[in-house]
Amino acid sequence: MLHMRQVTKVYRTELVETHALRSLDLHVADGEFVAVTGPSGSGKTTFLNIAGLLEEFTGGDYSLDGVDVKGLSDNARSKLRNEKIGFIFQGFNLIPDLNLFDNCDVPLRYRGMPAAERKLRIEDALGLVGLGSRIKHYPAELSGGQQQRAAIARALAGSPRLLLADEPTGNLDSQMARSVLELLEDINQQGTTIVMVTHDPELAARAQRNVHIVDGMATDLSVAPVLARAAHAETASL
């Protein structure tokens with residue numbers, strides 16, 4: 001699904017080079033739910049922007065659902081992003097002047113989808129997240145948890161292969177956060193691949209796999225202890 005190998009990202013000015021990612025390796029298989037953690041400034045946001053085709057990388061290789069991303073034109077990147085990826089943001093990013101139906105409709109219109117199919121997809125997505133009765137409500141008329149559910153519905157309406165979530169519970173209280181995470185788990189169990197950036201260790205522990213980014217490099221916390229135990233056992237047998 002998502003394969004990054006030796007991906008680097010360098011921001012350059014006239015005087016300074018900043019290495020946001022340093023030879024980052026990450027492989028996410030179809031249907032996985034992966035949590036990405038790390039301290040502020042570690043490269044999590046840069047990774048997510050590159051994974052979501054919102055930002056280009058400096059070096060390395062990245063393929064998304066079998067498509068080599070390197071060298072794609074802006075139009076090709078936009079098309080791939082719109083067809084393959086759904087985004088969930090901490091700040092919801094709903095358009096305040098549009099009701100829930102129209103918020104979900106915007107990315108589908110961009111794809112050129114027929115009106116009848118858009119309507120069916122939107123009604124199904126809002127129903128799935130428990131907002132079928134709020135389809136004509138505006139974001140300001142909803143609680144924070146409901147707004148995040150609406151944002152999830154907007155992403156799901158496009159039937160994404162990959163769902164990228166950036167601190168999806170960061171603006172919610174613990175009860176609403178638990179509800180949103182349970183919804184993401186249900187979506188994942190239905191086959192959608194999810195990569196979630198979070199600072200909350202309790203949320204990260206609910207994912208199938210944890211990847212920790214520090215200084216622009218990724219460590220798979222699910223694999224590292226296993227490798228360490230194997231290396232220790234091999235040394236002990238010598």
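## Basis of the description

Helices, of at least four residues, and strands, of at least two, are DSSP runs numbered from the N terminus. The model described here is predicted.

## Largest pocket

Helix H3 supplies 6 residues to the lining of the largest pocket, the largest share. Helix H2 (74-84), strand S6 (85-89), H3 and H5 each contribute at least two residues to this lining. The pocket has a volume of about 420 Å³. Of its 22 lining residues, Asn82, Ile85, Phe87, Pro107 and Arg154 lie nearest the centre. The lining comprises 11 nonpolar, 6 polar and 5 charged residues.

## Second largest pocket

The second largest pocket holds about 230 Å³ of space. Its lining includes Thr169, Gly170, Ser174, Arg178, His199 and Asp200. H6 gives the most to this lining, with 4 residues. By class, the lining has 4 nonpolar, 4 polar and 4 charged residues.

## Nonpolar cores

The largest nonpolar core contains 38 residues, and those with the most contacts inside it are Leu126, Ile152, Leu163, Leu184, Ile187 and Met196. Among the elements that give two or more residues to this core are helix H4 (115-128), helix H5 (144-156) and helix H6 (174-189). Apart from it lies another core, of 28 residues, including Val7, Ile50, Leu53 and Ile85.

Leaving aside residues up to four places away in sequence, Ile152 touches Ile88, Val129, Val180, Leu183, Leu184 and Ile187.

## Arg149

Arg149 belongs to helix H5. Its side chain reaches the backbone oxygen of Val129 at 2.9 Å. Beyond residues up to four places away in sequence, Arg149 touches Val129, Leu131, Ser179 and Leu183. Arg149 and Leu184 are 35 residues apart in sequence, with their C-alpha atoms 9.7 Å apart in space.

Notes. Residues are numbered from 1 along each chain as its sequence is written. This is a predicted model: local features need pLDDT of at least 70, side-chain atom pairs count only at pLDDT 80 or more; totals for chains, interfaces and linings use all residues. Side-chain values use heavy atoms; hydrogens and water are left out. A nonpolar core is a set of buried Ala, Val, Leu, Ile, Met, Phe, Trp, Tyr and Cys residues joined through side-chain atoms within 4.5 Å. Buried means under 20% relative accessible area, exposed over 50%, partly exposed in between (1.4 Å probe, protein chains only). Contact means heavy atoms within 4.5 Å. A polar contact is a pair of N or O atoms within 3.5 Å; within protein, one must be able to donate a hydrogen and the other to accept it, and residues adjacent in sequence count only if both atoms are side-chain atoms. On a 1 Å grid over the protein atoms alone, a cavity is a set of points where a 1.4 Å probe fits but cannot get out, and a pocket is an open set with protein on both sides within 12 Å along at least five of seven lines; lining residues have an atom within 4 Å of a point. Grid points are joined across faces, edges and corners, and a volume is the space filled by probe spheres set on the points. Ala, Val, Leu, Ile, Met, Phe, Trp, Tyr, Cys and Pro count as nonpolar, Asp, Glu, Lys and Arg as charged, and the others, Gly among them, as polar.
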